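Colleague: I would like to go through some labels and ask what each one rests on. Please show me the structure first.

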Amino acid sequence: MKLAGKTDVGRIRQENQDDYRAGELPGGAAWALVCDGMGGARGGREASHSACDVIEHCFQEQYPQCMPGGEELFLKKSLISANRFVFQKAMREESLAGMGTTAVCALVRAGQVFLCHAGDSRAYLFRDGTLTQLTHDHSYVQELVDCGTITPEEAEHHPQKNIITRALGVDFRLEPEFTSASIQAGDIILLCSDGLTNAVPKAQMEELLSKGSFYDLPDRLVDTANENGGPDNITALLLGAEPMEVRHG
């Protein structure tokens, strides 16, 4: 696997409340994580950073016990641990009350990507020029789409698009969603915050991902989001199905 990522404050926000982590695992596996914090400047940063710390620790300490078939349980337990940590920290510190964060986490091994998420940060599969969304947004607008109240096209510009229905840290209980997909050589997995997906249309992302060096892709995605207005923090983290290297932008 190859890894490349970048996060940027964008053109409008004063603080970057996004965070991301990624790394190599034994046996040629890899993991990646994107979090998008919320709850005031300090709260948002604290929530996303704390969640990343906890989940990274889970991979460092507990992944060796994750046997084949145990990916769903391992990933869900990792996000639930992060949820409890962020929730308890918000309860202890008044200035952090109400903080929370989205999370989308990927584990790639044995020809599959295993995904666990909460919120509207997304995972995509890019194959043969086509970008396919693998995760399902936990948001008010997505619920309207699911029940047929509005169309996916109307959802793109809905005024309440930023309301999420599931996140780490806002409740002691969390039900993260798990999914998986087969991958093959040449595939790219993209994890990103909504600062990318709200600013760069799918067709434009497909065009960007089709050209240039793999390690230039995060810069190109983030730069395009900023050129399109950059109304929010932007994070793009990519895993490429190739021999492993790690670089951060």
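Modeller: This is a predicted model. Start with Arg 122 and Asp 137, whose side chains form a salt bridge with an N to O distance of 2.7 Å.

Colleague: What makes the contact of Arg 122 and Asp 137 a salt bridge?

Modeller: The N to O distance is 2.7 Å, and the cut-off is 4 Å. The value is within the cut-off, so the pair counts as a salt bridge. Arg 122 is in strand β6 and Asp 137 in the loop between β7 and α3, 15 residues apart.

Colleague: Why is Arg 122 called buried?

Modeller: Its relative accessible area is 13%, and buried means under 20%. Asp 137, at 9%, is therefore buried by that rule too.

Colleague: Now Asp 219 and Lys 6, which also form a salt bridge. Why is Asp 219 called partly exposed?

Modeller: Asp 219 has 29% relative accessibility. Lys 6 has 18%, so Lys 6 counts as buried.

Colleague: How do you know that Arg 13 and Asp 232 form a salt bridge?

Modeller: Their closest N and O atoms are 3.1 Å apart, which is within 4 Å, so the pair qualifies. Arg 13 lies in the loop between β1 and β2 and Asp 232 in the loop between α7 and β10, so the pair ties together parts that are 219 residues apart in sequence.

Colleague: How many salt bridges does a search of the whole structure find?

Modeller: The search finds 14.

How values were computed
Residues are numbered from 1 along each chain as its sequence is written. This is a predicted model: local features need pLDDT of at least 70, side-chain atom pairs count only at pLDDT 80 or more; totals for chains, interfaces and linings use all residues. Side-chain values use heavy atoms; hydrogens and water are left out. Buried means under 20% relative accessible area, exposed over 50%, partly exposed in between (1.4 Å probe, protein chains only). Helices (H or I, at least four residues) and strands (E, at least two) are DSSP runs, numbered from the N terminus.
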